[in-house]
Structure formats: structure tokens, C-alpha cells
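Have the structure open beside you as you read.

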Amino acid sequence: MEEAKAHAYVHVPWSPDVFVQLFADAAQKDDATSRLLMQERDMIERSVHDVSGRKLQMAEARRQIVRNSLHPHDTLFEDGKLRAIIDFEEVGMRELLRDVGHACHRFVRQYVVHQGKPWQETLPRGVKLFLQAYQEENSLLSEELRLMPAFIIDELLRKVASAARKISTQEVPGTYEKEVLKYIDLLKEGDAVGKEIEAFADEQA
């Protein structure tokens, strides 16, 4: 039981103040991570503003037991069919839209990567295929689809903030700098995924 508790998934929230401090710190430095934070400041601040404005709606979203962070690497296929889902250490009670949004982003990303084409060309079809398949199993309301992008961005902002805050405490130089770079890229991708989800919601209306 104690071991299970030690591995339980913990959601560490972020706040706008965290990013205000991150940008203040980055403005005083001249390393690659700080330069990227300042370069992408407008995009990040817009994301912070958009999600902050939807917090009340997000707080009212339905919750249930979810897998959390479902990724293609957590699935086992045989003969073209899904045979198993592995790695359940993060299972817990959370918002359904957060879980589906993360899966939408990560699964669609794998689809886009394997098409071998510019991601801008394949992203719309990838998002549509994923959501069409999901709707057949567990239909989401139009207003839920429109709220899902906020959960995608919220999760990625949390990861950017968490990695950036750990830079000063890291034991291996460069570890969290790489994470910040990765999550900022994912944040930009997540924004594009969100726009395609909204387009899908418009089609369903």
C-alpha cells in the first residue's frame, strides 16, 4: 500500500504568477532556455490568459476514473488490433476532457509523424480521425469538445512551469532545460490541435 501511494499521480497546478516570475528570471539571463522563453513569451502569455479565463468552466467539467497521460507507447497491438493498455500507475479521478485531450494530442502526433509529410497537412485529418473514433465509443457534447483545448494547454503549461522551476535544483546540468524546450514545442502543437478540435466541434453542431 505504501509503495502504491509513493507512485500515485500528483497533479501540481500552475498559476499566472509562476509565469510572471519565470519571465522576470529569464530576462536577467542569457542561456538558451531563457532566450526561448522570452522568444515565445507572447504565445505563452496568450495561452495563460486563455486558460485562466476558462477555469470556472474547467472546474465544472465531469470527472471520472481515467488512465491519465495515455500515450501510444502504452498500447500493445497485434494483427492491427489493440490487445492491451499498459502502465496504470497514474490512474485516478480527474477530468475526462483532460485525459481525452492528452490522448488526442499524443496519439494524433504519432499519426502525423508517421505520415512523413509536413505536420500542417496531416494534423487536421489526424484530429478528425481520432475524434470520430472516440465519439463512437463515448460521445462528447459539443460544449465539451470546445472546452477540451483548454485542458490540453493547461496540462502543457503545467509541464513547462514545473520543468522551468526545477532548473535551479537539477543534479545533472541540462536535464530540465531540455524538458522546457520540449514542452514549449508541445505547447505550440497543442494550440494547433485545439484549433482542429474546435473545427470538429463546429462540424458536429
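Predicted model: local features only at pLDDT ≥ 70, side-chain atom pairs only at ≥ 80, totals over all residues.

Residues are numbered from 1 along each chain as its sequence is written, and side-chain values use heavy atoms, leaving out hydrogens and water.

The structure holds 2 aromatic pairs, where rings of Phe, Tyr and Trp (its six-membered ring) pair if their centres lie within 6.5 Å, and planes under 30 degrees apart count as stacked, over 60 as edge-to-face and the rest as tilted. Tryptophan 14 and phenylalanine 19 make an edge-to-face pair, 5.7 Å centre to centre with 80° between the planes. Tryptophan 14 counts as buried because its relative accessibility is 8%, and phenylalanine 19 is buried at 2%. Phenylalanine 130 pairs with phenylalanine 107 in a tilted arrangement, 6.3 Å centre to centre and 35° between the planes. Phenylalanine 107 lies in helix α6 and phenylalanine 130 in helix α7, so this pair ties together parts 23 residues apart in sequence. Helices (H or I, at least four residues) and strands (E, at least two) are DSSP runs, numbered from the N terminus.

Which residues are closest to the centre of the largest pocket? First, its volume: the largest pocket holds about 590 Å³ of space. Of the 21 residues that line this pocket, the closest to its centre are Leu70, Ala103, Phe107, Phe130 and Tyr134. A pocket is an open set of points on a 1 Å grid over the protein atoms alone, where a 1.4 Å probe fits, with protein on both sides within 12 Å along at least five of seven lines; lining residues have an atom within 4 Å of a point. Helix α6 gives the largest share of the lining, 8 residues.

Now turn to the loops. Aspartate 79 lies between β2 (75-78) and β3 (81-85), and its phi is near 55°, a positive value in a residue other than glycine. Aspartate 87, in the loop between β3 and β4 (92-95), also has a positive phi, near 65°. Most residues other than glycine have a negative phi.

Notes:
Points joined across faces, edges and corners; volume = space filled by probe spheres on them. Buried < 20%, exposed > 50% of the residue type's maximum accessible area, 1.4 Å probe, protein only.
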